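Hi there,

Here is the structure I promised to pass on to you. Please open it next to this email, and then read on for what I found in it.

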Amino acid sequence: MTSGESQNAKGQGGHLRAALFGLCPRCRARSLWDAPAAFAPACRACGLAFANYEPRGRGLYFVLLPLTALLITGALKLDDAVRPPLWLMLGLMVVVVSGVIIGAMRLMKAALLIARLRAAGVLA
Ligand SMILES: [Zn+2]
C-alpha cells in the first residue's frame, strides 16, 4: 500500500467516524443528526444540504431485515438459555433492539452520505 492509499483510507474512516458522531463531513460542526437516525436538513455552520444526500426507501431494508431476524433469534436463544422474567426480557429487548437498530441506521446512513458526497464531488 502506498502512502497515498493509506491517507485515502484514513480519510474515509475519519469522515465516516465524524458522520457517526454527528459531525458535518465538510466542516466538522456537530450538526449532522436531527433525530437519533435522521439527518438535519442542512449543516448549521457551512450550509451543506444533508437532506439532498439522505438515503431513503427500501434500500435500508436489506440491512434492517436480517438484523431484525438476528435480534429475534438472539432473544429466543437467550430466553431458552436463561429463562429471565418477562419484565426483564421486555425491558432488555426495548433497550437492545432500539440501540442496535439506531446504531445500524446511523452507520449505514453515514456511509451512504459519505459515498454520495464523494460521488457529487463535495468531499475530496
Ligand atoms: Zn458543515
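**The helix α3**

Let me begin with α3, whose 34 residues should span 50 Å at 1.5 Å a residue; the C-alpha atoms at its ends are 48 Å apart, which agrees. The expected span here is 1.5 Å times one less than the number of residues in the helix. Helices (H or I, at least four residues) and strands (E, at least two) are DSSP runs, numbered from the N terminus. Buried residues in α3 are Lys109, Ala110, Leu113, Ile114 and Leu117. By "buried" I mean that 20 or more other C-beta atoms lie within 10 Å of the residue's own; "exposed" means 12 or fewer, "partly exposed" is in between, and the C-beta atoms are placed from the backbone. As a reminder, an α-helix has 3.6 residues a turn, so residues three or four places apart point the same way. Just after α3 comes Gly121, with a positive phi of about 80 degrees.

Residues are numbered from 1 along each chain as its sequence is written.

The pLDDT is the predictor's confidence in each residue, from 0 to 100. Its mean over the protein is 86, and 90% of the residues reach 70 or more. Confidence is lowest in α1, at a mean of 59, and highest in α2, at 93. Over residues 1–10 the pLDDT is below 50, and beyond near neighbours in sequence this stretch has 1 contact in the model. Two residues are in contact if their C-beta atoms, placed from the backbone, lie within 7 Å. Where pLDDT is low, the predicted coordinates should not be read in detail.

**The overall plan**

The protein has 3 helices and 2 strands, and from the N terminus on they run α-β-β-α-α. Of its 124 residues, 12% count as buried. Among contacts between residues at least 6 apart in sequence, 45% join residues at least 24 apart.

**The core and Cys43**

Which residues make up the largest nonpolar core? There are 12 in all: Ala19, Leu23, Cys24, Leu32, Phe39, Cys43, Leu48, Phe50, Ala110, Leu113, Ile114 and Leu117. A nonpolar core is a set of buried Ala, Val, Leu, Ile, Met, Phe, Trp, Tyr and Cys residues joined through C-beta atoms within 7 Å. The element that gives the most to this core is α3, with 4 residues. Leaving aside neighbours within four places in sequence, Ala110 is in contact with Leu16, Ala19 and Leu20.

Cys43, another member of this core, sits in the loop between β2 (38–39) and α2. Is Cys43 buried or exposed? Cys43 is buried, because 21 other C-beta atoms lie within 10 Å. Beyond its neighbours within four places in sequence, Cys43 has contacts that include Cys24, Arg26, Cys27 and Phe50. The C-alpha atoms of Cys43 and Leu23 are separated by 9.2 Å, and the two residues are 20 apart along the chain.

Ala51 is also in the loop between β2 and α2. With 12 other C-beta atoms within 10 Å, Ala51 is exposed. Its C-alpha atom is separated by 4.9 Å from that of Pro41, 10 residues away along the chain. Setting aside neighbours within four places in sequence, Ala51 is in contact with Phe39, Pro41 and Ala42.

The 22 residues of α2 should span 32 Å at 1.5 Å a residue, and its end C-alpha atoms are 31 Å apart, which agrees. This helix is hardly covered: the count of buried residues in α2 is 0.

Most residues other than glycine have a negative phi. Just after α2, however, Arg83 takes a positive phi of about 55 degrees. Arg83 is in the loop between α2 (61–82) and α3 (86–119), and counts as exposed because it has 8 C-beta neighbours inside 10 Å.

Arg28 also has a positive phi, of about 70 degrees, although it is not a glycine. Arg28 lies in the loop between α1 (3–20) and β1 (33–35). With 15 C-beta neighbours inside 10 Å, Arg28 counts as partly exposed. Apart from neighbours within four places in sequence, Arg28 is in contact with Ala18 and Leu23.

Happy exploring!

Terms used:
This is a predicted model: local features need pLDDT of at least 70, side-chain atom pairs count only at pLDDT 80 or more; totals for chains, interfaces and linings use all residues.
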